[in-house]
Amino acid sequence: MCGLMKPFSLSILHILILSNMSTVDKYFELVDQHQQKFIETLREVVAIPSVSSDASRRGEVVRMGEWLQARWEALGATCKRVDPGKQDLHGLELDLPPVILGQYGNDANKKTVLVYGHYDVQPALLEDGWDTDPFTLVETADGRLVGRGSTDDKGPVLGWLLCAETHKQAGLDFPVNLKFCFEGMEESGSEGLDDIIVAEADKWFKGTDVVCISDNYWLGTSKPCLTHGLRGVSYFHLQIEGPGADLHSGVFGGTVHEPMIDLVHLLSTLVDPNGRIKVPGIYDQVMAETEEEERSYEGLEFSHNALAGDLKRDVIIHSDERMTLKHRWRYPTLSIHGVEGAFYAPGDKTVIPARVRGKFSLRTVPNMEPARVAELVTQYLNAEFAKLGSKNVMKVIETHGGRWWYSSPNHPNFVAAARATERVYGVTPDLTREGGSIPVTLTFEENLGVNVLLLPMGAADDGAHSINEKIDKRNYIQGIKLLGAYLHEISVTDLNATTA
């Protein structure tokens with residue numbers, strides 16, 4: 001009996017794969033045929049100014065969420081609107097935008113993929129320096145689709161919807177059960193989202209096999225990538241408090257311990273001009289490099305010339321491109337962001353501020369623990385302050401301690417995404433990590449207990465938070481193909497295969 005079953009099983013699998021290839025090819029044809037329609041849909045949603053940080057546009061954010069819900073429900077999805085509660089925005093109490101949960105398909109024989117995205121955008125005004133109205137999508141002669149939210153994150157969010165609609169309209173079998181979680185506060189701290197994920201982990205999200213997030217970017221502009229790591233961030237305020245009120249420098253300069261002088265000195269002890277963190281013990285928890293990791297830097301689409309061009313000036317610390325990437329991805333860094341309480345307006349003012357707060361952050365990497373980072377930073381600053389002999393009062397305040405995220409690129413979820421990328425773009429994707437943080441990635445992984453993949457649609461030069469944000473037409477259309485190909489690859493992938 002066993003001898004007969006084995007070849008029978010293989011033949012069934014072979015048929016499934018061939019059928020899957022045929023369906024994907026048909027899907028690709030349809031995406032090509034409907035390019036202009038998909039661009040018009042993007043134009044429709046870019047026109048909704050869903051700026052989550054602007055109280056006057058909160059209604060527009062809600063309208064964008066309702067647009068998504070209505071469109072998915074028209075397709076046949078079951079949706080659930082979750083209201084996260086209230087928000088105090090500069091003294092004004094507002095309802096937080098809804099989190100739209102949904103499920104498309106409920107076939108017990110299919111795998112279930114959860115996708116996340118956000119429908120809110122950064123602020124944008126024509127007078128900020130945009131070439132065109134930021135909320136009117138413009139297709140340029142060189143193939144750019146310019147408009148706020150085009151790449152961050154309305155283009156990718158639409159990609160999932162357009163993928164499902166295309167399958168249904170053509171009568172193609174949708175390869176998986178698709179759950180989705182779309183929020184309207186990502187650009188303003190994702191307020192309320194973590195609580196919803198925790199509450200729904202064993203309810204709405206139950207049965208999820210893998211998670212896919214498309215809210216980041218390629219390393220360069222021509223080669224796609226898969227992202228398997230993000231740095232965490234620990235944010236600190238360093239407060240120095242002295243006299244009871246601001247003082248006149250002509251009267252009190254040289255006669256009192258000045259908080260600003262103490263602060264500037266302490267900030268200068270944190271990091272050297274080449275980016276080396278001077279806090280003792282801070283590198284002790286950093287995960288050791290492996291030979292496999294070292295090989296992963298080979299052949300990446302990255303160059304100092306391109307980076308210097310993006311920066312508009314060559315201010316790069318490292319001479320070796322590999323070291324630049326390592327300091328972006330796998331080493332901790334410390335950046336000083338600003339000073340609160342000091343004079344910063346145009347002109348001159350001879351004031352000695354009574355209390356100042358310096359603000360700095362550390363980007364953390366595997367296997368650094370936020371609590372230990374805070375402990376080391378506080379101990380070091382206390383010791384350095386004691387050396388000054390100042391009569392001022394110093395306080396170290398940690399305002400945020402977000403952990404890093406790291407996943408093996410050998411997991412079947414990533415293997416499926418790599419195959420899909422090769423099918424769409426004809427190249428093996430770069431395997432990258434990011435210097436920034438996407439906190440929801442870790443929230444999903446920890447609470448659902450499944451693998452999370454970052455599958456970017458946009459390119460490195462999209463200018464997500466800048467003026468003239470764009471997504472290239474090529475990335476948008478090929479990205480819609482990629483999301484569909486990924487779902488088809490997941491449908492024929494053994495997600496329980498051993499990870500190397």
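Helix α2 (residues 35-46) and helix α14 (residues 473-491) cross at roughly 105°, and their axes come within 11 Å of one another. That makes α2 roughly perpendicular to α14; on this scale, angles under 35 degrees count as roughly parallel, over 145 as roughly antiparallel, 65 to 115 as roughly perpendicular and the rest as oblique. The axes are lines fitted to C-alpha atoms, for helices over the stretch in contact, and the angles run from 0 to 180 degrees between N-to-C directions. Helices (H or I, at least four residues) and strands (E, at least two) are DSSP runs, numbered from the N terminus.

Before going further, I note that this is a predicted model, in which local features need pLDDT of at least 70 and side-chain atom pairs count only at pLDDT 80 or more, while totals for chains, interfaces and linings use all residues. Residues are numbered from 1 along each chain as its sequence is written, and side-chain values use heavy atoms, with hydrogens and water left out.

Which residues meet between α2 and α14? From α2 come Q35, F38, I39 and L42, and they meet K473, Y476, I477 and I480 in α14, where contact means heavy atoms within 4.5 Å. By class, this contact has 6 nonpolar, 1 polar and 1 charged residues. For these classes, Ala, Val, Leu, Ile, Met, Phe, Trp, Tyr, Cys and Pro count as nonpolar, Asp, Glu, Lys and Arg as charged, and the others, Gly among them, as polar.

Helix α2 also packs with helix α3 (residues 58-75), at an angle of about 145° and with the axes 10 Å apart. Here T41, E44 and V45 in α2 meet M64, W67 and R71 in α3. The class count for this pair is 3 nonpolar, 1 polar and 2 charged residues.

I turn now to the interior. In soluble globular proteins, nonpolar side chains tend to be buried together. The largest nonpolar core has 90 residues, and W72, F444, Y476 and Y486 touch the most other members. Such a core is a set of buried Ala, Val, Leu, Ile, Met, Phe, Trp, Tyr and Cys residues joined through side-chain atoms within 4.5 Å. Buried means under 20% relative accessible area, exposed over 50%, and partly exposed in between (1.4 Å probe, protein chains only).

Which residues surround W72? Leaving aside neighbours within four places in sequence, W72 is in contact with A77, C79, Y104, W160, L161, A164, L178, F180 and F182. A second, separate core of 30 residues includes L266, I277, L376 and V377.

N177 lies in strand β8 (residues 177-183) and, at 3% relative accessibility, counts as buried. The side chain of N177 reaches the backbone nitrogen of D107 at 2.8 Å, and a polar contact of 3.4 Å joins the side chains of N177 and T112. A polar contact is a pair of N or O atoms within 3.5 Å; within protein, one must be able to donate a hydrogen and the other to accept it, and residues adjacent in sequence count only if both atoms are side-chain atoms.

Q478, in helix α14, is buried with a relative accessible area of 17%. The side chains of Q478 and K481 are joined by a polar contact of 3.0 Å. Beyond four places in sequence, Q478 touches V424 and Y425.

In helix α13 (residues 439-448) we find P439, which is exposed at 56% relative accessibility. The buried residues of α13 are V440, T441, L442, T443, F444 and L448. Just after α13, G449 takes a positive phi of about 70°.

That brings me to the backbone. Most residues other than glycine have a negative phi, and most peptide bonds are trans. K312, although not a glycine, has a positive phi of about 70°; K312 sits in the loop between α9 (304-311) and α10 (321-329) and is exposed, at 73% relative accessible area. N468, likewise not a glycine, has a positive phi of about 55°.

Where are the cis peptide bonds? One runs from D152 to D153, with omega near 5°, and D153 lies in the loop between β7 (144-146) and α4 (154-170). Another joins P366 and N367, with omega about 5°; N367 is in the loop between β15 (355-364) and α11 (370-388).
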